[in-house]
Amino acid sequence: RPSRTRRRPRGRGPHSSIDGAPSEAASGDWWLRPNTPRPQPSAHPTTTTTLPRREKTDGPRLSLTHLLYVAKTQDKDAALEFHREVMVDLQKVEGGVTGILLVQDGALVHYMEASNFHTSAFLRHLNTQGKGVVSDARVMLSSEDCDRRNFSKWTSLHVNAASEGDVSISGEDPTDLAFDLFTNLCKIQSAGEKPVTMCPSAQRVEAYTTCEGFFLLEEYLDMFDAPVTLVLGSEKVWPLQPTVSYAGL
């Protein structure tokens, strides 16, 4: 009666592939096999090798906040002058504020690129000293720790965008609205588009300022700039828990 036991094919082991070559499972057991050279490190670039090399060629990595907000204004000349004065001061301190400000009758759009520290400081100044100059400011976009700029300098312009009449954005996604506006503003720098054609109408900007999908300036600062205050559960009970003293401390 013939045997039903199958023989293992020659050259096939528990750590061999079909053609007899070592499989991936055995690649880590190189020290168990005699006369086997140690595997060489991967030639693919890693973070630890790429970042130092990039800093040597391109300089230290940038860490910027990209900020886009809209607001209403009663006096476009006062709004333009207010922003210009603040930006001049920021340029003296940091020397790295870029972006674009587009002001028209009744509304403005401002996109800026600066460090997180100076961006927050500017928003606090706008919230306190900008009252009466701008109103109903809403932050449409805020992105931190960006490593590049979309504008080479900061500019400010008067524009007269075409009127749209009554504008309703109730059925539109706020994320899409913000991205479309951001993309159009970047085209002014990257594609050389005229600011007046890329700027939304005053009626559309006013619609943005009423959209609850965007943070009001006060809400944004309270969420991202105000100090965090925590109340522990033990602070709400009576009597208060005694302080624990640890030996040796």
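This is a predicted model: local features need pLDDT of at least 70, side-chain atom pairs count only at pLDDT 80 or more; totals for chains, interfaces and linings use all residues.
**Salt bridges**

My first entry is the pair of Asp-145 and Arg-61, whose side chains meet in a salt bridge at 2.9 Å from N to O. Asp-145 belongs to strand E4, which covers residues 135-146, while Arg-61 lies in the loop between helix H1 (47-58) and strand E1 (64-72), so this pair ties together parts that are 84 residues apart in sequence. I noted Asp-145 as partly exposed, because its relative accessibility is 44%, and Arg-61 as partly exposed too, at 42%.

Next I turned to Asp-136 and Lys-72, which form a salt bridge with an N to O distance of 3.4 Å. Asp-136 lies in strand E4 and Lys-72 in strand E1, so here the bridge ties together parts that are 64 residues apart in sequence. For Asp-136 I found a relative accessibility of 39%, which means partly exposed, and for Lys-72 I found 23%, which also counts as partly exposed.

Lys-131 counts as exposed at 55% relative accessibility, whereas Glu-218 is partly exposed at 41%.

**Aromatic pairs**

I then moved on to the rings, where the count came to six aromatic pairs. One of them is Tyr-111 with Phe-151, a tilted pair with 5.7 Å centre to centre and 50° between the planes. This pair links distant parts of the chain, with Tyr-111 in strand E3 (residues 107-114) and Phe-151 in the loop between E4 and strand E5 (154-158), 40 residues apart. Tyr-111 is buried, at 1% relative accessibility, and Phe-151 is buried as well, at 5%.

I also looked up Tyr-220 and Phe-224, another tilted pair, with 4.9 Å centre to centre and 45° between the planes. Because these two residues are four apart in helix H7, about one helical turn separates Tyr-220 from Phe-224. I recorded Tyr-220 as buried, with a relative accessibility of 9%.

As a last entry, I noted that Tyr-111, Phe-151 and Phe-182 form one aromatic cluster.

Definitions and conventions. Residues are numbered from 1 along each chain as its sequence is written. Side-chain values use heavy atoms; hydrogens and water are left out. A salt bridge is a side-chain nitrogen of Lys or Arg within 4 Å of a carboxyl oxygen of Asp or Glu. Buried means under 20% relative accessible area, exposed over 50%, partly exposed in between (1.4 Å probe, protein chains only). Rings of Phe, Tyr and Trp (its six-membered ring) pair if their centres lie within 6.5 Å; planes under 30 degrees apart count as stacked, over 60 as edge-to-face and the rest as tilted.
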